Amino acid sequence: MHSLSFDIAHMLAGGLVLVSFLMLYQDRLYALLNVLALHALVLALSVAWQAHIQDAPHLYITAAIALGFKAILIPWALRKMVFRLGIHREVETVVSIGLTMLAGMALVALSLQVMLPVTAQADPVAREDIALALSVVLIGLLMMVTRRNAVSQVVGFLSLENGIIFAATGARGMPLVVEISVAFSVLIAFIVVGIFLFRIRERFDTVDDAALDQFRGGRS
Amino acid sequence: MDRFQGPSPLAGVQGAAPPGGVRGEAPGTHTMTIDPVELVLLVPLVAAALLVVVPSYRLGAAGNMLACLVTLVCALMLLGDRPVPGQYLLVDDLNVVFIVLNSFVGFTTSTFSASYIAHELETGRLTPRHLRFYHAMFQLMLFGMNLALVANNIGLMWVAVELATLTTVVMVGIYRTHEALEAAWKYFILGSVGIALALFGTILVYIAARPVVGEGMDAMVWTTLIAHARDFDPPLLNIAFIFLLLGYGTKVGLAPLHAWLPDAHAEGPTPISAVLSGLLLNVALYALLRFKMLLAANPDAIAPGPLMIALGLLSVIFAGLMLYRRRDIKRLFAYSSIEHMGIIVFAFGMAGPLGNFAGLLQMTMHSLTKSAIFFTVGHIAQVKGTQRIAEMGGLTETHPLLGWGLVAGVAAILGLPPFGVFTSEFLVVTSTFAREPVLAVLLVIGLLLAFGALLLRLTDVAFGPVRGPIGPVHASYIPLFAHLLLVLIAGIWLPGPMVAWFQHVAALLG
């Protein structure tokens with residue numbers, strides 16, 4: 001039962017968490033976008049592997065979306081945007097990277113501690129996948145709160161969303177996974193890339209949140 | 001957005017095609033005719049597609065109203081004839097009144113919106129092109145909310161709440177000012193995090209259901225879930241509920257997760273503030289109630305009560321304190337919405353027949369009253385050309401109808417008799433005093449804080465010396481007074497069947 005297929009599934013799941021950590025210590029936007037592409041690539045592999053071992057061909061669609069849309073198109077579009085808008089190429093952090101990494105480790109420990117005992121009855125793949133997926137989600141959240149500029153917050157959100165798609169595919173036989181991944185892709189494509197960044201640029205000259213905050217003066 | 005709508009109409013058709021797929025009863029009762037549930041979804045969807053291409057804003061506004069009216073009629077038809085629950089759609093005692101309420105407030109808001117946007121065009125804040133987009137988004141939002149209400153599938157419900165959120169995000173940012181963009185961005189980021197957590201919770205519910213119900217779609221169908229909830233793995237269900245509470249709680253605007261709410265209310269067009277407060281918060285809360293019922297059906301799961309009571313109380317007291325520092329009239333009432341959502345969540349947390357009854361009544365009353373208040377506030381802000389409270393005053397003198405409308409609305413939201421909010425707040429407080437006096441004292445402190453703050457601001461705006469421009473106002477008073485009249489009637493005399501319905505649903509909620 002615990003054959004190679006489970007080991008590979010776990011390796012890919014662990015890989016996703018590892019890439020999430022890689023994201024935490026990037027201090028250049030372009031490098032961050034590369035890691036984002038890698039994150040989506042690992043997700044695509046992992047989803048494809050799940051499709052294979054669960055014998056669920058529809059999951060290949062989700063894998064293809066992850067590969068084509070999230071690993072190639074979105075990083076490319078973000079990169080183009082960073083270039084065209086002339087955003088500073090450094091990632092501005094709220095707390096130091098070392099502290100963020102420690103917090104990330106604590107979050108992984110927390111999610112393993114919380115999820116493993118709870119899912120004892122579930123089948124082993126789902127069980128550890130869910131725990132690791134929760135780690136990816138929490139690290140994504142951590143990234144969103146510890147980054148100052150909008151692009152890296154979006155990257156944080158994308159990695160969070162990868163974690164959720166991963167959890168959904170790990171739950172054997174879960175329906176609507178494809179629809180949900182399409183819905184998420186549309187969410188990302190429409191709002192993030194299309195409207196917001198361009199509008200924010202139009203008005204602010206920078207995609208830095210601190211600049212957004214300065215307009216708050218006088219209002220309460 | 002087109003692809004995004006994809007699954008939903010399809011879902012409607014499929015959901016109806018195998019009748020009784022869940023219960024297996026009365027197969028073949030379904031004919032080829034489209035039933036009202038599908039119409040409640042299809043009308044806004046078709047209207048959204050049509051309104052994108054309507055060039056004239058007058059025609060657009062009229063079409064918007066017409067579509068809302070048709071949806072309302074379809075929703076009313078649901079009261080009589082209820083289709084068999086399918087795998088995707090469900091109409092039961094809990095959601096039917098929310099669907100009617102949703103469609104009703106949607107309709108009155110579209111009426112208000114028609115007079116509101118005419119003024120926005122004159123002042124040049126919006127262009128006709130924006131308005132085409134605005135009307136289409138308005139319908140799409142109603143579609144999303146109705147879909148979330150009728151969904152019998154926790155996955156579909158999640159997609160619908162996401163759709164409703166997205167459309168409001170776009171509309172909050174429609175003025176494209178610094179503040180509007182900041183508000184929309186904040187709303188988008190916090191909303192997305194909320195929605196992501198809610199999805200994680202949904203997945204966990206599926207994992208809890210799978211060993212009992214079996215793989216596939218059945219393990220996401222709510223009617224199946226509730227029938228088998230007894231056998232679910234309790235710890236898994238507990239964790240799922242915590243994620244769902246945080247996720248949908250962000251949408252409800254509960255205290256530590258509320259940061260998006262005041263900005264989104266203040267910076268978007270006022271009709272959107274009205275539907276945000278009046279409807280979207282309710283829809284998110286409704287989603288939460290569905291999951292609370294699952295937990296209540298499982299004897300070994302944690303009681304959701306204490307968590308909800310804590311978040312509710314925190315919201316009430318926090319909002320009560322924050323109300324004092326508000327300088328912007330729409331922000332003021334946004335914080336009041338946080339307070340009321342706190343009261344409602346508190347009431348559902350206390351549970352029991354009385355607590356649930358009060359919570360349901362409060363949801364209905366708050367929805368009607370708060371949207372009425374935003375209707376007046378919208379016109380007031382247009383007359384005064386600002387949302388700053390310091391620059392408006394003496395409204396009862398200069399604009400008696402608007403001024404007294406605001407006074408009546410605020411009196412209602414403060415929970416003064418004879419309005420309906422009084423009944424529900426009185427029920428919450430007295431039933432809490434009977435069971436947990438300490439909690440009741442805390443709740444009353446929160447209520448009094450909010451009471452003082454709102455009264456203070458109301459006297460500035462409605463009475464006192466005249467401040468700000470006193471130009472004429474082209475307001476439509478019908479939606480405003482229709483809402484207030486309903487709230488007043490509910491406060492004086494609640495019809496017997498309605499009381500019976502509320503009691504029945506309160507018992508269902510456990």
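Helices are taken here as DSSP runs of H or I with at least four residues, numbered from the N terminus. On that basis, chain A of this predicted model reads α-α-α-α-α-α-α-α along the sequence. The chain has eight helices and zero strands. Of its 220 residues, 49% are buried.

Helix 6 spans residues 150–170. Its 21 residues reach 30 Å from first C-alpha to last, close to the 30 Å expected at 1.5 Å a residue. Helix 6 is also mostly covered, with 21 of 21 residues buried. Helix 7 covers residues 177–204 and contains Val182(A). Val182(A) counts as buried because it has 20 C-beta neighbours inside 10 Å, and the cut-off is 20 or more. The C-alpha atom of Val182(A) lies 9.8 Å from that of Ala66(A), although the two residues are 116 apart along the chain.

The largest nonpolar core has 268 residues. Helix 8 of chain B, residues 178–213, supplies the largest share of this core, at 24 residues. Ala148(B) and Val283(B) have the most contacts inside the core. Ala148(B) also touches Val283(B) directly in the contact list.

Key. Residues are numbered from 1 along each chain as its sequence is written. Chains are lettered from A and ligands numbered from 1 in the order in which they are written. This is a predicted model: local features need pLDDT of at least 70, side-chain atom pairs count only at pLDDT 80 or more; totals for chains, interfaces and linings use all residues. Helices (H or I, at least four residues) and strands (E, at least two) are DSSP runs, numbered from the N terminus. The expected span of a helix is 1.5 Å times one less than its number of residues. A residue is buried if 20 or more other C-beta atoms lie within 10 Å of its own, exposed if 12 or fewer, and partly exposed in between; C-beta atoms are placed from the backbone. A nonpolar core is a set of buried Ala, Val, Leu, Ile, Met, Phe, Trp, Tyr and Cys residues joined through C-beta atoms within 7 Å. Two residues are in contact if their C-beta atoms, placed from the backbone, lie within 7 Å. Lists of a residue's contacts leave out its neighbours within four places in sequence.
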